[in-house]
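I opened the notebook to record a few look-ups in one structure. The entries follow in the order I made them.

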Amino acid sequence: MGSLQAILYEAGPPARLKILDQRLLPFETEYVEVPNAGTAWTCIKDMQVRGAPAIAVTAALSLAVDLINGGSGNQFSSAQDALLYTSQQLEHVVTSRPTAVNLADAARKLKATATRASTVPAASADDVVRAVVAASQAIFEDDISDNKAIGHHGAAALLAAVNSAGSGSQGRQQLRVLTHCNTGSLATASYGTALGVVRSLHEQGRLERIFCTETRPFNQGSRLTAFELVHDGLPGTLLVDSAAGALLASGQVDAVVVGADRVAANGDTANKIGTLSLATNAAKCGVPFFVAAPLTTLDPDTPTGADIHIEQRPAEEVTELQGRPIAAPGIKVWNPGFDVTPAALIYGIITEAGLVPTSPSGSFDVAGIKACPSRQTAAAPNGVAEHKDGKSAAAADADPAEAEFKALDVESVKAYMMGVPHLAEHLGSRAGPGTLQVREVGDGNMNFVYIVEGPAGGLVLKQALPFIRIAPDWPITQDRVRMEAQALAEQARHCPQHVPRLHHFDARQCLLVMDYLPPPHDILRRALTAGKVFPLLASHVAAFLSCTLFRTSLIALDTRTFRDEAARFKNTELCRLTEQVIFTDPYYAAPVNRHTSPQLDEAAARFREDIAAKVAISRLKATFCQRQEALLHGDLHTGSFMCTPHSTWAIDAEFAFYGPIAFDVCKMIANLLLAFFASDGLASARDPRTQQRQWLLQTTQDIWTLFVQGFSRLWDTAAGQGRSGDLYPTQLFPLGPALEAVQATFFQDLFPDVLSFAGAVMIRRILGIAHVIDFEHIEHADSRSVCEGRALVLGRQLLVEPLLFPDMTSVVAAAEATRRLDGRSPCFP
């Protein structure tokens with residue numbers, strides 16, 4: 001009879017979107033035209049289209065149709081107007097149904113796409129429209145491919161679980177499966193999630209029977225799922241909701257698989273009302289209970305099921321049937337659309353990336369899985385989730401990652417990218433590897449970085465080898481790339497306007513793939529060395545710092561979430577590396593140390609005997625090791641930003657961990673001061689760099705000022721909405737004098753630590769193993785050592801005597817004064 005399709009889309013122009021009116025099924029098949037987001041809002045609210053993936057796809061495509069038919073950008077006067085219109089339409093359509101997270105997730109992604117497109121230099125309205133339309137269509141296409149992957153992984157997971165030791169159905173060749181509500185082609189772009197698992201079993205000849213509940217009060221099971229089963233010729237049986245417990249107890253069900261509208265951070269799952277009863281009865285009867293959902297349904301921002309907003313539906317859905325009364329007039333009705341199944345009752349969550357098994361505590365690492373999908377596992381024959389490498393917490397990705405680890409080169413990067421379907425599609429899947437342009441551009445200390453450009457676009461592949469790039473005899477964990485992938489995903493949630501998108505993570509090959517930021521984007525440090533300035537840098541860096549640090553701190557989170565996150569970002573080995581190169585090596589004759597010699601020999605020796613500096617650096621090391629305040633980037637210097645005059649992107653987050661907020665803030669301040677002192681050695685008669693020096697000092701001040709303002713504003717907003725975290729709860733610190741007082745104390749305590757850390761960073765970049773091109777590009781050693789000597793003087797003062805500086809203005813004044821020193825004989829106490 002052909003494939004059942006609930007969503008029909010034509011890209012045009014003119015574009016067209018039609019959705020199957022599911023309120024009329026199974027008796028009438030009628031498609032409704034959806035020309036814009038306003039119509040989509042009504043269709044979603046009235047349940048003409050339903051199912052978490054389907055409503056997200058409908059919302060996205062409705063916006064695409066509106067934009068295409070409106071003139072593909074000609075209706076807007078600027079890129080900013082197009083961005084504003086897109087954001088307004090998305091914000092409206094998200095209000096149609098609050099429980100399903102897929103809709104909000106799609107809106108967030110589309111808004112981020114529009115924002116990025118609008119910030120490209122000389123961006124037009126047409127650029128924004130084309131980017132949003134392409135992203136909307138990708139949501140549609142990805143849902144189809146993701147559903148088929150869910151079906152494949154789910155069939156394997158159910159078979160493994162049912163045939164595991166201790167199961168009452170052990171040894172069965174064909175399975176009897178129970179499902180609830182509708183999770184098939186009518187609820188998705190095509191194929192289905194939980195019903196996709198059933199379809200996959202049927203295609204393999206492994207399905208004996210699929211039982212579906214009627215799913216009162218809206219009867220999605222009897223009207224829609226039963227319709228799909230009959231339509232597709234699947235062996236189906238319908239039962240009333242209240243019969244499910246008896247069916248499970250009778251031993252006629254081998255496994256239960258349902259969909260989800262939202263999965264909280266701990267694995268608690270919201271699904272159609274009645275799901276909790278099925279899960280409870282399945283647990284009582286020893287039947288494995290699975291949830292099948294795309295990664296877009298996983299919501300690490302919602303801590304537990306108790307935090308999920310449950311939609312209350314109209315009473316008429318219970319008291320009437322197709323407009324005819326079926327209940328006593330005047331009876332009160334309680335009609336929640338959903339209930340929440342605790343994670344402890346769920347055997348596993350099936351996504352397009354594989355099976356997420358429950359932990360021994362009965363919870364799921366939803367945030368970790370969402371950040372790094374390939375941490376999910378394959379279902380082993382005994383039904384236990386098994387890591388493919390037998391030791392890593394991250395399972396290998398499909399196909400290209402099946403091989404053992406191999407360091408890639410230019411040619412093997414091409415083959416790898418073509419072997420991962422969604423990466424190949426991004427680059428231009430119809431073109432072979434020969435059409436790709438690949439170059440290795442890694443100029444940092446740690447990893448190899450490849451820019452890959454194809455007919456359709458570009459990507460960046462970053463691979464971690466088992467050693468430090470600048471010191472091949474220095475072994476280091478390759479798991480750092482997983483930490484970076486997690487951090488990129490987490491930071492992008494909080495600050496998408498300044499964090500590039502993560503496209504792929506492969507644990508086996510220790511690599512990630514992310515957005516390519518094309519020219520004129522440049523590494524900030526390289527651009528500063530060339531004499532450039534970036535007027536928006538301070539506001540962008542401050543926004544990144546305030547958003548990522550506030551939203552991952554205990555000021556915003558509850559203690560349970562905070563501790564879970566701190567454990568997820570336990571980055572022991574790279575933290576130990578930081579501890580060594582910043583807090584230890586510069587203060588003794590470490591073999592890896594290097595400095596401009598012989599010019600700075602005396603200065604280096606003085607630091608090795610400097611008791612005050614050693615005491616100060618040890619205090620800082622204790623702070624670094626012992627104080628967990630927020631998720632830090634961990635290496636946020638001028639080499640970790642890609643910039644244009646209009647945009648700023650934070651990269652290289654492999655050192656991410658939960659640590660002291662001051663450490664992230666200090667890095668940019670220290671590095672801008674290093675650039676300030678280096679400018680004399682890089683200046684020329686043609687360019688004395690006077691303007692750049694003034695800008696560097698002003699930017700140093702502005703970053704601190706704007707960070708304090710941005711962090712405080714987020715804090716005020718949370719307090720005003722009653723959403724403060726557990727450290728300063730709203731009950732104690734509502735908006736007003738009490739909150740203002742604790743904020744003042746917070747920043748007063750933070751500032752000296754920022755300065756001390758900044759001083760330590762400046763010292764290690766001159767006397768330790770890893771230097772900066774700001775100084776290294778000064779050709780003559782005498783000139784270089786003078787600049788470095790001045791930086792050492794201020795660095796030591798900040799490290800040892802931070803309380804001498806009441807504000808950032810005094811730091812800037814000290815930098816200007818120190819620049820006037822001779823520098824050839826740094827003056828230390």
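**Entry 1: an annotated aspartate**

I looked up Asp-261 and found it in the loop between strand 7 (255-258) and strand 8 (262-263). I kept in mind that the model is predicted. The UniProt annotation "active site", from an unreviewed entry, covers Asp-261. Is Asp-261 buried or exposed? Its relative accessibility is 11%, so Asp-261 counts as buried; the cut-off for buried is under 20%.

**Entry 2: two helices**

Two packed helices are described by the angle between their axes and the distance between the axes. I looked up both for helix 18 (residues 572-583) and helix 20 (residues 611-626): the axes come within 11 Å and cross at roughly 165°. Because of that angle, helix 18 is roughly antiparallel to helix 20, as angles over 145 degrees count as roughly antiparallel. I noted the crossing of helix 18 and helix 20 as right-handed.

Which residues meet there? From helix 18 I listed Cys-575, Thr-578, Glu-579, Ile-582 and Phe-583. They meet Ile-617, Leu-620, Lys-621, Phe-624 and Cys-625 of helix 20. Sorted by class, this contact has 7 nonpolar, 1 polar and 2 charged residues.

**Entry 3: another aspartate**

I then looked up Asp-749, which lies in helix 23 (residues 737-767). The relative accessible area of Asp-749 is 53%, so I wrote Asp-749 down as exposed; the cut-off for exposed is over 50%. I also checked Asp-749 against Pro-98: they are 651 residues apart in sequence, and from C-alpha to C-alpha they are 40 Å apart in space.

How values were computed. Residues are numbered from 1 along each chain as its sequence is written. This is a predicted model: local features need pLDDT of at least 70, side-chain atom pairs count only at pLDDT 80 or more; totals for chains, interfaces and linings use all residues. Side-chain values use heavy atoms; hydrogens and water are left out. UniProt positions are given in the numbering used here, feature names are shortened, and annotations may be inferred rather than shown by experiment. Helices (H or I, at least four residues) and strands (E, at least two) are DSSP runs, numbered from the N terminus. Buried means under 20% relative accessible area, exposed over 50%, partly exposed in between (1.4 Å probe, protein chains only). Axes are lines fitted to C-alpha atoms, for helices over the stretch in contact, and angles run from 0 to 180 degrees between N-to-C directions. Angles under 35 degrees count as roughly parallel, over 145 as roughly antiparallel, 65 to 115 as roughly perpendicular and the rest as oblique. A crossing is left-handed if the near helix is turned anticlockwise from the far one by less than a right angle, and right-handed if clockwise. Contact means heavy atoms within 4.5 Å. Ala, Val, Leu, Ile, Met, Phe, Trp, Tyr, Cys and Pro count as nonpolar, Asp, Glu, Lys and Arg as charged, and the others, Gly among them, as polar.
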